[in-house]
Amino acid sequence: MKCEFKKDFLWGAATSGPQAEGRFEKHHDSVFDYWYDIEPEAFFDRVGPNVASNFYNSYKKDLAMMKSIGFNSFRTSIQWTRLIKDFETFEVYPEAVKFYNSVIDECIELEMEPFINLHHFDLPIELYKKYGGWESKHVVDLYEGFASKCFELFSDRVKHWITFNEPIVVVEGEYLWRFHYPKLVDGKKAVQVAYNLNLASAKAINAFKKRGYHKEGGKIGIVLNLTPSYPRSNSMEDKKAADFADMFYNRMFLDTAVKGSFPKELVEVLDKDNVLWDSSEKELEIIKENTVDYLGINYYQPRRVKEKEKLYDMPTWIPEKYFDNYIMPGRRINKHRGWEIYPKAIYDIAINIRDNYNNIPWYISENGIGVEGEEKFKNEEGVIEDDYRINFIKEHLQFLNKGIKEGSNCFGYHLWTPIDCWSWSNAYKNRYGFIALDLKTQIKTIKKSGYWFKKLTENRGF
Ligand code: BGP
């Protein structure tokens with residue numbers, strides 16, 4: 001059966017400022033810049049974000065390469081730590097404005113719709129040190145100021161804005177599971193951070209609305225990494241456990257973004273456990289009134305869940321008090337990243353959005369497979385033959401297509417990522433791109449999947 005997509009479907013890929021640009025001419029550090037400076041051994045091969053894929057210097061060539069493999073859209077992010085000179089007054093660095101203007105203009109010139117994200121885990125370290133970062137409502141207001149400055153500077157040309165990429169990762173990485181600096185385990189703070197991130201997104205949307213950018217054709221959304229939660233069995237206990245995981249890891253952001261309120265049952269549990277966030281009527285009203293125009297969904301892996309079996313003996317509150325993760329026998333796995341491959345979940349997401357989230361417009365903002373040691377697949381012409389990536393994309397597109405045919409309002413598909421880029425602590429271990437990067441020489445070469453993608457976009461399917 002032909003897997004065909006509509007004419008105006010968006011095709012492309014996503015990266016982020018901190019993972020692509022490099023730290024060239026950047027005067028402030030993000031939490032990741034700082035973490036690398038103080039603990040380089042935490043990063044694969046001790047490679048940090050200093051050069052990344054050199055997008056700051058090579059964006060013109062890079063964007064042209066992306067165009068050459070069929071992109072009609074592209075996502076990156078504006079780094080708070082590059083643009084803003086003074087975090088309290090929102091004074092900007094003129095050279096940063098020039099850089100982002102030029103990236104945006106280049107995208108438009110090449111007819112690639114720019115999707116611009118405002119936060120990809122890259123909080124300024126100063127704001128963590130001074131105020132506790134996302135634990136602080138003052139930082140929420142500073143973020144709103146930064147977002148407003150971006151709208152003011154670029155919204156004449158940028159029509160697709162994104163407030164946050166994967167806010168739940170800030171909560172789990174920094175406050176629960178210790179995979180991002182400051183690597184805390186603190187349930188109470190985690191929950192407050194989740195609330196503050198929701199509030200920050202709503203405040204940015206409010207600012208966008210108030211200044212009338214919608215009238216100029218602008219749209220604002222959020223990018224969430226959804227991990228559909230599947231219970232081990234149909235038992236009541238397993239299902240209840242999966243529901244809780246879904247509530248905490250997905251709906252805590254999804255419900256607020258689309259419906260303007262937190263899942264009631266989640267609030268009750270957090271309250272009962274004495275970890276509920278500090279909130280005010282006024283803030284909850286802002287969250288209620290400022291929902292998104294569209295969603296970006298990053299989909300990599302499902303979450304398999306079973307009822308709590310292990311004794312809960314954590315010194316602090318964690319959501320895993322109510323469920324255990326379940327290693328399903330026979331699951332398909334990407335051994336390089338340790339993530340399960342389960343393409344059908346993309347269909348389940350499509351139907352969930354159709355049925356439970358007002359069929360809001362959405363797109364796949366990330367999907368992809370990170371593979372280590374791809375050079376060994378190089379053919380005589382020097383092209384990496386990444387057939388596994390082509391197959392991975394095809395399988396996911398088939399399920400996406402089925403969801404669209406059944407009425408889900410999905411308008412695009414972006415791969416993670418256009419050009420192999422730097423990852424948060426895996427650095428350049430696993431490669432995700434359509435375009436390979438030679439880290440030493442910074443030479444960029446289109447992979448087989450890139451050539452294949454061009455054909456896919458020309459045929460609008462396969
Ligand atoms: C997503 C992030 C990306 C990217 C991707 C791949 O969660 O939004 O920034 O890094 O995952 O994951 P990783 O780089 O950890 O392999």
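The model is predicted: local features need pLDDT of at least 70 and side-chain atom pairs count only at pLDDT 80 or more, while totals for chains, interfaces and linings use all residues. Residues are numbered from 1 along each chain as its sequence is written, and side-chain values use heavy atoms, with hydrogens and water left out.

**The ligand**

Of the 13 residues around the ligand, display His-120, Glu-166, Arg-337, Ser-423 and Tyr-432, which come nearest.

A polar side-chain atom of Gln-19 is 2.8 Å from a ligand oxygen. For Asn-165, the distance from a side-chain N or O atom to an oxygen of the ligand is 2.9 Å, and for Glu-366 the corresponding distance is 3.0 Å. The ligand taken alone exposes 380 Å², of which the protein buries 92%; these accessible areas come from the Shrake-Rupley method with a 1.4 Å probe.

Move to Asp-273 and Lys-321, whose side chains form a salt bridge with an N to O distance of 3.3 Å; the term requires a side-chain nitrogen of Lys or Arg within 4 Å of a carboxyl oxygen of Asp or Glu. Asp-273 is in the loop between α11 (264-272) and α12 (281-289), and Lys-321 is in the loop between β10 (303-306) and β11 (324-325), so the pair ties together parts 48 residues apart in sequence. Helices (H or I, at least four residues) and strands (E, at least two) are DSSP runs, numbered from the N terminus. A search of the whole structure finds 38 salt bridges.

**Backbone details in two loops**

Select the loop between α8 (167-175) and α9 (187-210), where Pro-182 lies. Tyr-181 and Pro-182 are joined by a cis peptide bond with omega of about 10 degrees. Lys-183 is also in the loop between α8 and α9, and this non-glycine residue has a positive phi, near 50 degrees.

Finally, go to the loop between β16 (410-416) and β17 (430-431), which holds Thr-417. A cis peptide bond links Trp-416 to Thr-417, with omega about 20 degrees. Ala-427 is placed in the loop between β16 and β17; although not a glycine, Ala-427 has a positive phi of about 50 degrees.

Conventions. Near = heavy atom within 4 Å. Polar contact = N/O pair within 3.5 Å; in protein donor to acceptor, adjacent residues only side chain to side chain.
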